[in-house]
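I want to know what I can look up in it, one entry at a time.

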Amino acid sequence: MKATITLFFILIYFLAPAQNNEKELAKIEETRNGFMLAIKEKRYQDLTNFTTSDMETIGPASEGFLEMYEIGKERGAFPYDRIIMTPKETVIVSDSIAYDYGTSEVYYTNTLGEQKLLTNSYLVILKKDTKGTWRLHREVASGQVKQSNN
């Protein structure tokens, strides 16, 4: 009986439909694009649609970023005017966890009204909620951007 049950679970594991990675990667891209658009359109109240309720982020601590954080501190974790995220690698680790690694161009307006550009590298962990939506969960960013060897 024990062998039959074990065989049953093994068969289910191998015969179950594989996760549709292309579909899930498209959902992650949809989250990323929605996040960037909400910031660009200054819909900061909508950012909770793209993040988990316990989202945590650690941004670069370099000079330009520190100025941006001070100017935009009332916006919370995302003090910029616009962000363009360029993923280099997106990996679905499990049915509910993925990571997105890449670079970003971050734009903010300084106290003189000048638009400034900052670049960074990022690693974002995403979690899929019970409705199947991928949400930003953790982010660590660095002011260092690895230059391409091309």
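**Entry 1: helix α2 and its neighbours**

I started with the buried residues of α2, which pack against β2, β3, β4 and β5. I note that this is a predicted model. Next I listed those buried residues: E24, I28, T31, R32, G34, F35, M36, A38 and I39. In general, an α-helix has 3.6 residues a turn, so residues three or four places apart point the same way.

I then checked the helix length. α2 has 20 residues and spans 28 Å from its first C-alpha to its last. That is close to the 28 Å expected at 1.5 Å a residue. After α2 comes K42, with a positive phi near 60°.

**Entry 2: the core**

Which residues touch the most other members of the largest nonpolar core? I found F35, Y80 and I83, in a core of 25 residues. Two or more residues each come from α2 (21-40), α3 (63-71), β2 (82-92), β3 (97-109), β4 (115-128) and β5 (134-142). The largest share, 5 residues, is from α2. In soluble globular proteins, nonpolar side chains tend to be buried together.

Leaving out residues up to four places away in sequence, Y80 touches F35, I39, Y44, M68, R75, V106, Y107 and Y108.

**Entry 3: the hairpins**

I moved on to the strands. β3 and β4 run antiparallel and are joined by 13 bridges. One pairing I looked up is Y101 with L123 in β4. The two strands form a hairpin with 5 residues between them. In that turn, G113 has a positive phi of about 85°.

β4 also pairs with β5, antiparallel, over 8 bridges. Here K127 has R135 in β5 as its bridge partner. β4 and β5 form a hairpin too, with 5 residues between them. G132 sits in the turn and has a positive phi of about 90°.

**Entry 4: salt bridges**

How many salt bridges does the structure hold? I found 8. I went through some of them.

- E70 and K73 meet through their side chains at 2.8 Å, N to O. E70 is partly exposed at 49% relative accessible area, while K73 counts as exposed at 55%.
- K116 bridges to E114, with the closest N and O atoms 3.9 Å apart. K116 is partly exposed at 32%, and E114 is partly exposed at 38%.
- R135 bridges to D129, with the closest N and O atoms 2.8 Å apart.

Is R135 buried or exposed? Its relative accessible area is 19%, so R135 is buried, the cut-off being under 20%. D129 is at 23% and counts as partly exposed.

I also noted a network: E24, K27 and K128 are linked by salt bridges.

Last, I looked up E56, in strand β1 (residues 51-58). E56 and L136 are 80 residues apart in sequence. In space, their C-alpha atoms are 8.9 Å apart. Which residues does E56 touch, not counting those up to four places away in sequence? I found H137, R138 and E139.

Key
Residues are numbered from 1 along each chain as its sequence is written. This is a predicted model: local features need pLDDT of at least 70, side-chain atom pairs count only at pLDDT 80 or more; totals for chains, interfaces and linings use all residues. Side-chain values use heavy atoms; hydrogens and water are left out. A nonpolar core is a set of buried Ala, Val, Leu, Ile, Met, Phe, Trp, Tyr and Cys residues joined through side-chain atoms within 4.5 Å. Buried means under 20% relative accessible area, exposed over 50%, partly exposed in between (1.4 Å probe, protein chains only). Helices (H or I, at least four residues) and strands (E, at least two) are DSSP runs, numbered from the N terminus. Contact means heavy atoms within 4.5 Å. The expected span of a helix is 1.5 Å times one less than its number of residues. A salt bridge is a side-chain nitrogen of Lys or Arg within 4 Å of a carboxyl oxygen of Asp or Glu. Two strands pair if DSSP finds at least two bridges between them.
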